[in-house]
Amino acid sequence: MVLTLDATATGGASVSRRLYSSFDPHSTGKKARDCASCHLSSWALGLGTGTLSLSGVRPTFTPASPAPGNPRMAVDAWTHLDAEKPGTGTRVGLRSLDRAELGRTLSVGACLPCHEKADDRVYRDFAASKARLARGGTRCTFRAPR
Ligand code: HEC
Ligand code: HEC
């Protein structure tokens with residue numbers, strides 16, 4: 001819900017908000033969504049439509065269509081990667097992921113192209129896997145960006 005309330009014509013304020021309004025989904029089904037549908041989806045993460053890149057030191061997102069007045073943010077976004085505070089919703093307690101949570105979610109996305117399955121041993125203790133990768137000496141073919 002991207003809205004602007006403009007009362008300047010009567011001497012009031014102009015307020016812009018990007019709120020998420022949750023509904024019961026019509027898409028409830030037997031098939032679970034796959035890992036990439038969250039971990040590699042800018043849309044699911046609230047960043048909007050655009051291109052995610054995980055090949056640099058930090059993840060980047062290039063909006064397909066930037067929001068007016070904020071080129072880092074997509075026109076259809078709820079939040080962005082550097083947001084100081086999570087995006088808010090129409091209900092108390094409803095929010096987007098914050099910056100740290102987005103970073104953790106996307107760092108799993110960098111491994112999914114090769115470690116595709118939920119039972120892949122790298123996900124058993126992901127922090128330990130990242131530490132092992134950083135130390136070197138595994139047979140992993142992932143090349144960490146410099
Ligand atoms: C509905 C969306 C969704 C799906 C589907 C999903 N994840 Fe996640 N996952 C998340 C989010 C969001 C987090 C980060 C939560 C946080 O750190 O606060 C996360 C966290 C993780 C973490 C921990 C990352 C860390 O550094 O702590 C791992 C590992 C992970 N997911 C693996 C998977 C795998 C493998 C699959 C598929 C079998 C999967 N996830 C499916 C949303 C999802
Ligand atoms: C380009 C493909 C590719 C990507 C991307 C990738 N890996 Fe791997 N990884 C491999 C291969 C291949 C192996 C060796 C599998 C084996 O030994 O059976 C491996 C093995 C590993 C191992 C050793 C597992 C073990 O128990 O010996 C770790 C840890 C690991 N990867 C972590 C990661 C993490 C963390 C990421 C994401 C940041 C990642 N990898 C991304 C291909 C990849």
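**Note on the predicted model and its ligand shell**

1. The shell around ligand 1 holds 13 residues, and those coming nearest are Cys35, Cys38, His39, Arg104 and Thr105. The model is a predicted one.

2. The His39 side chain places an N or O atom 2.8 Å from a nitrogen atom of ligand 1. Arg104 has a polar side-chain atom 2.5 Å from an oxygen atom of ligand 1. Both His39 and Arg104 are among the residues that come nearest to the ligand.

3. Next, the elements behind the shell. Helix H1 (36-39) and helix H2 (99-109) each contribute at least two of its residues. H2 gives the largest share, four residues.

4. The class make-up of the shell around ligand 1 is seven nonpolar, four charged and two polar residues.

5. Now the fold. The chain has three helices and seven strands. Along the sequence they run β-β-α-β-β-β-β-β-α-α. The chain is more spread out than a compact globule, because its radius of gyration is 19 Å, well over the 15 Å that the globule rule gives for 146 residues. Along the principal axes, the C-alpha atoms fill a box of roughly 70 × 40 × 25 Å.

6. Burial and surface come next. Of the 146 residues in the chain, 23% are buried.

7. Last, contact range. Take the contacts in the chain between residues at least 6 apart in sequence: 37% of them join residues at least 24 apart.

How values were computed:
Residues are numbered from 1 along each chain as its sequence is written. Chains are lettered from A and ligands numbered from 1 in the order in which they are written. This is a predicted model: local features need pLDDT of at least 70, side-chain atom pairs count only at pLDDT 80 or more; totals for chains, interfaces and linings use all residues. Side-chain values use heavy atoms; hydrogens and water are left out. A residue is near a molecule or strand if one of its heavy atoms lies within 4 Å of it. A polar contact is a pair of N or O atoms within 3.5 Å; within protein, one must be able to donate a hydrogen and the other to accept it, and residues adjacent in sequence count only if both atoms are side-chain atoms. Ala, Val, Leu, Ile, Met, Phe, Trp, Tyr, Cys and Pro count as nonpolar, Asp, Glu, Lys and Arg as charged, and the others, Gly among them, as polar. The radius of gyration is taken over C-alpha atoms; the globule rule is 2.2 Å times the number of residues to the power 0.38. Buried means under 20% relative accessible area, exposed over 50%, partly exposed in between (1.4 Å probe, protein chains only). Contact means heavy atoms within 4.5 Å.
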